[in-house]
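User: I'm new to this one and would like to know what the labels rest on. Can you walk me through it?
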Amino acid sequence: MGTPPIPIANQSGTSPAVPHWLNKGDNAWQMISATLVGLQSVPGLVILYGSIVKKKWAVNSAFMALYAFAAVVICWVTWAYKMSFGDKFLPFWGKGGPALGQKFLLNWAALPETTQYNSTGGLETAMAQPYYPMATMVWFQCVFAAITLILLAGSLLGRMNIKAWMMFVPLWLTFSYTVGAFSLWGGGFLFHWGVMDYSGGYVIHLSSGIGGFTAAYWIFSMMMQVGPRLKRDRERFPPNNVLLTLAGAGLLWMGWAGFNGGDPYAANIDSSMAVLNTNICAATSLLMWTSLDVIFFNKPSVIGAVQGMITGLVCITPGAGLVQGWAAIVMGILSGSVPWFTMMIVHKKSKLLQKVDDTLGVFHTHAVAGLLGGILTGVFAEPELCSLFLPVTNSRGGVYGGNGGIQVGKQIVGGLFIIGWNLVVTTIICLAIKMVIPLRMPDDLLLIGDDAVHGEEAYALWDDGEKYDATKHSNYSDETLDPRLSTGATQVV
C-alpha cells in the first residue's frame, strides 16, 4: 500500500484547474456535505435557538450562534485547522499554523498523521488522501468545528455575557475542540489505538455537552461560574415560536445527511449506508421519545419530539457508517429512552443537576446521547463496514466476537478522555475569562433581555419606531395570561 491510485472518474482533460488526482464526484459531494452541515448552523440552529427560548431572549440566542459560526471560521483557517489535522505536536495535538495560502489549499488533500502501522512496524493502512484539494477538506472540517461551539451555546442561553461569549469561542476552539479532533480524527493516539468515532459523537457532541455543562456551573470555584438564569426565567421559559423551532429542527435533521454522509471523504457505498442509518435512528428515537411522553404525561410534546430527533441523530453519529440497519433501530430505541430518562427523571431527583442551569438540556441531548452512541458503536460495529472506513484492520463490535469486547473498553476510555479534558479545560477557560469580564449578565439586563443587551427586539409588539425607554421596562414581564408553569423540553429544572 502506498499512494492511492488515480481515480478513473476524474476525466481531468488538460485543464490546470482539474489536476489528475481530482475526482469531481467526490469533490462535489464533499462541498455539498460541508454546505449541508453549514446550513445546520446558519440558519438551522440560529432559527432553532431564536425560537425555542423565551421571547425576550430570541435575538441574543440567535446571535450567539451566528457569532460563533463567524468567529470559528476565522480562527479555523488562521491556526486551528492544522492543530486538528496537521503535523503532530503532541500525541493529542497538532502543530498550529495558517491554512490560507494558495500553495497549501490547492494541493491534493492529505491528513499527514493518519498513516497506520502494525505492531511490527509495517504499513497497515495508508495515509488518508481523498481525491480533492485541501481547500475542500479545510472547509468541510471547519463547519464541524463551528457547529460544536453553537451546540455548546445551548447550555448558556438566557444569561451569558455576550462579551464573555465572544472571548470563550476562540479559546474553547483552540484548547478543547482541536485536542479532541486531532486525537480521534487527525491521527492522534486515540485514532491509532482504534477508538471509533465515525462523525463526531465524541469530538462534537460529547465535548459540547460536557463543555456546556461545565461552563454553566462550576468545578473549583463558585466565583467563576456562568451561573443560572433569573429564577422567573428558570420557572417559566416557554418557546416563543414552536413552528419556527420545527423549521430549525428540520434543517438540522436534513443537514445530517452531510454531517454523517461526508465523513468517508468520498461519495462511496459507506457514505450511503451512513445517511440511511442516520435517518433510521433519528426517526426511531423521535417515535420512542414521543411514546414515552404520551405514556407518562398523557400528551405528545412537539418540543419533546425535537429532543428525541436530536438524541437519535447524536447517538448514531459515532457509528453511522459502521453499523447495520437493525442496529440503527436498536440505537434509536435507546437514544429515545435513555436521555429521556436522564432528563425527565434523573434530572429532577439529582441535586447536582438541579443546580446546573443547562438551558436547553444539552448535557442530556448531546453528552448522554453522544457517550451512549459511542459505547453502542463499540457493541454493534460490523466488521465489513469497519474495513471500509477504519484505519485499524480487523476492527469489530462486541456482538461479533473476536476482539469486539476490547472495542467496547476502548470506546469507554475514549469517552472518558473527552469528558476529563473538557471538564478541566473549560474550567480553566472560564476562570481566565472571569478575571477580565463577568461571565454572567447583571440582573438588570437579565430582567429586560434583548432590548437591554442589543437594543433590538425579535418581534415588533409596540409602536413602530419606538425607542428604548427604561421606564417602560422597570416592571418588565413577558408572562402570558396563562398562569400555569410551562413543562416543555426546555424546562429541565
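Analyst: Let's start with contact, which means heavy atoms within 4.5 Å. This is a predicted model, where local features need pLDDT of at least 70 and side-chain atom pairs count only at pLDDT 80 or more, while totals for chains, interfaces and linings use all residues. Residues are numbered from 1 along each chain as its sequence is written, and side-chain values use heavy atoms, with hydrogens and water left out.

User: Leaving aside neighbours within four places in sequence, what is aspartate 293 in contact with?

Analyst: Asn298, Lys299, Pro300, Ser301, Gly304 and Trp340. Aspartate 293 itself sits in helix H10, residues 269-297 (a helix is a DSSP run of H or I, at least four residues, numbered from the N terminus).

User: Why is threonine 342 called buried?

Analyst: Buried means under 20% relative accessible area, exposed over 50%, and partly exposed in between (1.4 Å probe, protein chains only). Threonine 342 has 14%, so it counts as buried. It belongs to helix H13, residues 338-349, and beyond those sequence neighbours within four places it touches His347, His364 and Val368.

User: What makes aspartate 443 and arginine 440 a salt bridge?

Analyst: A salt bridge needs a side-chain nitrogen of Lys or Arg within 4 Å of a carboxyl oxygen of Asp or Glu. Here the N to O distance is 3.0 Å, so the pair qualifies. The structure holds 1 salt bridge.

User: How do you know that aspartate 443 is partly exposed?

Analyst: Its relative accessible area is 44%, and arginine 440, at 24%, is partly exposed too.

Notes
Helices (H or I, at least four residues) and strands (E, at least two) are DSSP runs, numbered from the N terminus.
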